[in-house]
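Have a look at the structure first.

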Amino acid sequence: MLCVVGGAGTNNDYRRPILHAIAATGVTIHAPLAFGERLRTLVQRSRIVLNLRSFGNADEFKMSRLMLMFANSAFVLSEDMGVEGDVGPYREGMVIVPARDLPNAVQYYLQRPLLRAKIGETGHQIFAARTQAAMLRDPVAKLVQRAGCQQS
Amino acid sequence: MISPAVSLNRCWFLHHALCRILFDHSSNYNKWRNQYGVSATLVPIGFVPGLMVAPRIAEEEKDIDVLFIGE
C-alpha cells in the first residue's frame, strides 16, 4: 500500500522519530506547511489526521489545532496528551495511543474506513454540542457584571 | 492562547483593567495562575458553524492517508 503523509504540522527533534517510525511501515512522508483553504482541502482529502505533541510535554491538548478536524468529522489519531479535564470530553470522538503504537494504529485504521467514519462522526457530534457561545456565556456575563460594578 | 513570554508589565495591565485573560486549555491556565498570579478564566474552545467548511468526499476519493497537523 502506498501511503502519503500530508503535512500541516512542523517537524522537530521530538516528532521526527515518530514520523520516521510511521514511514518505516511503508508510508511516504510529504509535509508541506498549509493553512487556510489549503489546509481545509487537505483535511477533506485525508483518511487519518495525525496529532502529535509539540515537544514531548504531556499536558498540552490544543483544541486550536483540532477544532477544524472535529468540526468536519475528520478521523483524528492522536498521541496521548493532555489532562483529563481537557481531553476527556473528546475521548470517544478520536483515537488516542502512546507514540510507540502510532505506526500500528495507522495501519489498523487505514484498513477500516467504516470505523474511521463512525469515530469521526462521534467527534463531530461531541464538538458540535459544545458551542463556543455556551463556553463564553458565563465568562462574558461576569465581565459585563464587573464592568457595571466599576462604572457605578 | 497567550504565551508566558508576554511581558509581566502587560500582565499587570490586563490584570487590573476590565480585560480578563482567557485560556483554552488547562496547562496554560494553571501556569499563569500559579506561576504568575494572574487572574485567568478557562474557556475551552467550542464549536461555531463557520468551522464546517470542508464538504465530505467519498473514501475512494481521498488520496492522503495520513495528514500530520500541529504548529
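What follows is a short chat about the core and the interface.

Reader: What am I looking at, and how is it numbered?
Author: It's a predicted model, so to speak: local features need pLDDT of at least 70, side-chain atom pairs count only at pLDDT 80 or more, and totals for chains, interfaces and linings use all residues. Residues are numbered from 1 along each chain as its sequence is written, with chains lettered from A and ligands numbered from 1 in the order in which they are written.

Reader: Which element gives the largest share of the largest nonpolar core?
Author: That core has 34 residues, with I48(A) and V66(B) among those with the most contacts inside it. By nonpolar core I mean buried Ala, Val, Leu, Ile, Met, Phe, Trp, Tyr and Cys joined through C-beta atoms within 7 Å; buried is 20 or more other C-beta atoms within 10 Å of a residue's own, C-beta atoms being placed from the backbone.

Reader: How many residues of chain A are in contact with chain B?
Author: Contact is C-beta atoms, placed from the backbone, within 7 Å. On the chain B side there are 32 residues, and they touch a chain A set numbering 56.

Reader: Which residue is the bridge partner of L50(A) in strand 3 of chain B?
Author: Strand 3 of chain A and strand 3 of chain B run parallel, joined by five bridges. Within that strand of chain B, L50(A) has as its partner F68(B).

How values were computed: A residue is buried if 20 or more other C-beta atoms lie within 10 Å of its own, exposed if 12 or fewer, and partly exposed in between; C-beta atoms are placed from the backbone. Two residues are in contact if their C-beta atoms, placed from the backbone, lie within 7 Å. Two strands pair if DSSP finds at least two bridges between them. Helices (H or I, at least four residues) and strands (E, at least two) are DSSP runs, numbered from the N terminus.
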